[in-house]
Structure formats: structure tokens, C-alpha cells
Amino acid sequence: MNPATTPATTSATTSATTQPTRDARFITFEGIDGAGKSSHIDFVASLLTARGVQVVTTREPGGTALGEQLRTLLLHQAMHLDTEALLMFASRREHLAQVIEPALARGDWVISDRFTDATFAYQGGGRHLSIDRLAQLEAWVHPHLQPDLTLLFDVPLAVARARLDNNGQLDKFEQEQSTFFADVRNEYLRRAAQFPQRFRIIDSTRPMDEVRRQLTTIVGAE
Ligand code: TYD
């Protein structure tokens, strides 16, 4: 389940008294498949909207008409691993140009269900592509932009697997073996340790209301 609509949508109050109170922020949600991040995106968006913040909710791969076509290919079509990484960044380039950068320039807050950390985790960690090469693509596609806040939903592999197996139809990534997800998770955790100022790790095995309280505190500080 992914709550991001296609393409990105803007939700906000229209009252003249509820102008954005803070500078624009870019918030990303990350985690291995089955970590449960998607169920919390609408919650965080509604917290911000209640504060009078103009929020754009979007996702990767996807978020634009072209990006959603690339997403269909990426999630269902076998391809060379370099092609996969390049298409992730192609989708991202379009997404930045059409959705993310204009929204931030307007002063809106952007919530993206995955961004470049996912490429480092999945294509770098999971597929074992060179991290340096991915960093070169990152420097090409968004040299001056990083998320202000990255919420990493973390769960043990067995918990994630059980959630996925309850979901029915699995895409190309979800069908990967547990070693793949172990590598993806490790790379996410490595990046969280590397960039502690923007990463917050959420223990996604905790009950929903506890996770929501934690998210309220974290986002409230933004
Ligand atoms: P996901 O965001 O989990 O959507 P859903 O909840 O609808 O399954 O699915 C996107 C998949 O794409 C996920 O398995 C991770 C993968 N992915 C990458 O491999 N690299 C990337 O750069 C991105 C953004 C996603």
C-alpha cells in the first residue's frame, strides 16, 4: 500500500489565517519493504496540515506522469542493474524538476515516500553497485539538495517478511531473498549513522500509537 497519489498532490487548509509558519522542509520516508512506513505518511501530512503548513505528498520512483511509467518498468521488468539505477535517477530528475523543487520554492513542505537514500540502500546495498558511482549520479541529479529530515522505519527482516507475505501480489523487489533485504537494511543503517543530523530511526515493531507519538515529537521539532 502506498498513500502517495499519482502524480503528487497538494493538501492544505485554504483559510487566510493558516499561512505556512515555517520555512519549507523536505522530509523523506525510508525503510525496507514491509517496514510499514507508508501507513504513517498520511498521518505526518495531516499533522503538518493542521499546523497550517502547505504539504505536497509524493513518492519515488514516480511522483510525475513520466516517473510513474518508469516506476511500472522498475517494479515489474527485469533489466540490467545499471539500467535500474539510472532509471531511478531519471525518475528522480523529473520529480525534482516538476514537483519537489517548485514546491520547496513556493515554501511548501514536501513529503516523499523514498528518495536517494533508497537508491544507496537498494541498488548500492542490495544490488552491490558501487556506492561511489551512485554518489556521482546523486551529485549530477541533485548537487545542492538533501532532505532536511529522513524518517527511517526499521524492523527486523522476519517482521518485514511476514508483513509482505500478507500483502498478496509482490513486485520485483519484494520477491528478493532475505540476504538482499539484510544488505538493504544494513546500508540504510550505515547511512543513518553517517548522517545523524537528518536521520531519525523509528522502531517500526512498536505499536502504531507509540510510533505516532514519536513522529509527532520529531515532526513537531521541525
Ligand atoms: P515502495 O515504495 O515500497 O512502494 P509500495 O509500498 O507501493 O510497495 O516500492 C518501491 C520499490 O522500489 C521498493 O521496493 C524500493 C525500490 N526502490 C529502489 O530500489 N531504489 C530507489 O531508488 C527507490 C526510490 C525505490
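Colleague: Which backbone nitrogen does the side chain of Glu30 reach?

Modeller: This is a predicted model, in which local features need pLDDT of at least 70, side-chain atom pairs count only at pLDDT 80 or more, and totals for chains, interfaces and linings use all residues. Residues are numbered from 1 along each chain as its sequence is written, and side-chain values use heavy atoms, with hydrogens and water left out. Glu30 is in strand E2 (residues 26-30), strands being DSSP runs of E with at least two residues, numbered from the N terminus. At 2.8 Å, its side chain reaches the backbone nitrogen of Phe115.

Colleague: Is Glu30 buried or exposed?

Modeller: Buried means under 20% relative accessible area, and exposed over 50%, with partly exposed in between (1.4 Å probe, protein chains only). The relative accessible area of Glu30 is 0%, so Glu30 is buried.

Colleague: How far is the side chain of Gln123 from a nitrogen atom of the ligand?

Modeller: For the side chain of Asp33, an N or O atom is 2.9 Å from an oxygen atom of the ligand. For Gln123, the distance from a polar side-chain atom to a ligand nitrogen atom is 2.8 Å.

Colleague: Which helix supplies the largest share of the shell around the ligand?

Modeller: Helices H2 (65-76), H3 (81-106) and H4 (116-126) each supply at least two residues of this shell; helices are DSSP runs of H or I with at least four residues. The largest share, four residues, comes from H4.

Note on methods. A polar contact is a pair of N or O atoms within 3.5 Å; within protein, one must be able to donate a hydrogen and the other to accept it, and residues adjacent in sequence count only if both atoms are side-chain atoms.
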